[in-house]
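Here is a short note for a first look at this structure. Please keep the model open while reading the points.

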Amino acid sequence: MTPPTDHPAISPSRIGILLINLGTPDAPDTASVRRYLAEFLSDPRVVEIPQLVWQPILRGVILTTRPKKSAHAYQQVWMPEGSPLAVHTRTTAQALQQAMGPRVLVDWAMRYGNPAIATRLKTMKQAGCDRILIAPLYPQYSAATTATANDAAFAALATMRWQPAVRTLPPYHDDPAYIDALRASIARSIAALPFRPDALLASFHGMPERTLKLGDPYHCQAVKTVRLLGAALPLPVHMSFQSRFGRAKWLEPETEATLANLVKQGVRNIAVATPGFSADCLETLEEIALRAKEVFLAEGGENFAYLPCLNASAEAITLYQRLMGRELAGWMD
């Protein structure tokens, strides 16, 4: 049936996939980092302290001192095209778009910073996406990552008169396709090294220990990922947690302390992977590839290699095709 001539334009129906990562400042300078940290650390999913108590602390000493230090760290890893996390997430979306074909629109967003989730959802809806898969790229579920990304998406939907139908990508920490992608990527990276590692350390982003006691499955899912990865690789696999902040007790063991202990146990050659991160970022490129390496070598280690995240590798795109294709069942063949 032909619509009236004065009918508003309606784009052809499409399926959308919105890849979501944590976030990044717009530039590696103090002002940009301060804006980013103010948004990130104001999220009650990230800092579970009553805002009346937390905000004076955040707006006081933290946003006064931390941005300059973090900006220096970002400057060490910033790429010509921009923030590593943004560059790799954008490249992943572009590669997945080619793999999924023209019927599916693949876009990307950041939970904190730009491009914002609300902005990209609005653009996708305007492009005709009446069914959208919200896909936070976190293999292990945490309220501070997966849940808050979904929160932002649902908040954006609450402002829309004509909402798209939505689905959310579940955690995939033990999915055979994920474990196989990790195995293949790690094996390929190790084969290119000029030395043979004695062991692999799988370092995950840290979380306060109380999140585990409150029911967050992140720790358990990380442990299962390491167990499955260890069964898939021909070398010992250890695990640890990095990126601590504040005085609370955090998940153990800590990454730098683990590296020091491994040296004492006779490990002189180490490779470090970060299976909880889908794309390389400040926490992998500065915290692990630079600072953790210094710790390992200072403790007496001989060779250290940081192994890249899946990023937009062939293994990653194959994995995402399988995960997204499964979640789109019933929406498309």
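1. A cut-off comes first. Buried means under 20% relative accessible area, exposed means over 50%, and partly exposed lies in between. Glu252 has 40% relative accessibility, so Glu252 counts as partly exposed. Keep in mind throughout that this is a predicted model.

2. Where does Glu252 sit? The place of Glu252 is in the loop between strand 6 (237–242) and helix 9 (255–264). Leaving aside residues up to four places away in sequence, Glu252 touches Phe241 and Arg244. Glu252 and Met207 are 45 residues apart in sequence. In space they are 9.4 Å apart, C-alpha to C-alpha.

3. The next bond deserves a look. The peptide bond from Glu252 to Pro253 is cis, with omega near 0°. Pro253 is placed in the loop between strand 6 and helix 9.

4. Ser243 is found in the loop between strand 6 and helix 9. Its phi is positive, about 60°, although Ser243 is not a glycine. Is Ser243 buried or exposed? Its relative accessible area is 13%, so Ser243 is buried.

5. Now the sheet that holds strand 6. This open sheet has 4 strands in the order 6-5-7-8, and the pairing is parallel. Why is one side of strand 6 and of strand 8 left without a neighbour in the sheet? Both strands stand at the edges, and each has a single partner strand. On average, neighbouring strands here are turned by 25° against each other, direction ignored.

6. Inside that sheet, strand 5 (residues 199–205) pairs with strand 7 (residues 269–273). The pairing is parallel and runs over 4 bridges.

7. Which strands does helix 9 touch? Helix 9 packs on the sheet and touches strand 5, strand 6, strand 7 and strand 8. The direction of helix 9 makes about 145° with that of strand 6. Helix 11 (residues 287–298) also packs on the sheet, touching strand 5, strand 6, strand 7 and strand 8. The direction of helix 11 makes about 165° with that of strand 8.

8. Look next at Asn311. Asn311 lies in the loop between strand 8 (303–306) and helix 12 (314–327). Asn311 has a positive phi of about 50° and is not a glycine. Its relative accessibility is 10%, so Asn311 counts as buried.

9. An open sheet of 4 strands runs in the order 2-1-3-4, with parallel pairing. Strand 2 (104–113) and strand 4 (165–168) are at the edges with a single partner strand each, so one side of each has no neighbour in the sheet.

10. Strand 3 (residues 129–136) pairs with strand 4 in the parallel sense, over 4 bridges. Arg131 stands opposite Ala165 in strand 4. Helix 3 (residues 84–100) packs on the sheet and touches strand 1 and strand 2. The direction of helix 3 makes about 165° with that of strand 2.

11. Pro115 is in the loop between strand 2 and helix 4 (117–126). The peptide bond from Asn114 to Pro115 is cis, with omega near -5°.

12. Helix 1 (residues 30–40) lies across strand 1 (14–24) and strand 2. Helix 1 runs at about 95° to strand 2. How do helix 1 and helix 2 (residues 51–77) meet? Their axes come within 8 Å and cross at roughly 125°. That angle makes helix 1 oblique to helix 2. The crossing is right-handed.

13. What makes the contact between these helices? Helix 1 contributes Thr30, Val33, Arg34, Tyr36, Leu37 and Ala38. Helix 2 contributes residues including Leu58, Leu63, Arg66, Pro67 and Tyr74. By class, the contact has 9 nonpolar, 2 polar and 4 charged residues.

Note on methods. Residues are numbered from 1 along each chain as its sequence is written. This is a predicted model: local features need pLDDT of at least 70, side-chain atom pairs count only at pLDDT 80 or more; totals for chains, interfaces and linings use all residues. Side-chain values use heavy atoms; hydrogens and water are left out. Two strands pair if DSSP finds at least two bridges between them. Helices (H or I, at least four residues) and strands (E, at least two) are DSSP runs, numbered from the N terminus. Contact means heavy atoms within 4.5 Å. Axes are lines fitted to C-alpha atoms, for helices over the stretch in contact, and angles run from 0 to 180 degrees between N-to-C directions. Angles under 35 degrees count as roughly parallel, over 145 as roughly antiparallel, 65 to 115 as roughly perpendicular and the rest as oblique. A crossing is left-handed if the near helix is turned anticlockwise from the far one by less than a right angle, and right-handed if clockwise. Ala, Val, Leu, Ile, Met, Phe, Trp, Tyr, Cys and Pro count as nonpolar, Asp, Glu, Lys and Arg as charged, and the others, Gly among them, as polar. Buried means under 20% relative accessible area, exposed over 50%, partly exposed in between (1.4 Å probe, protein chains only).
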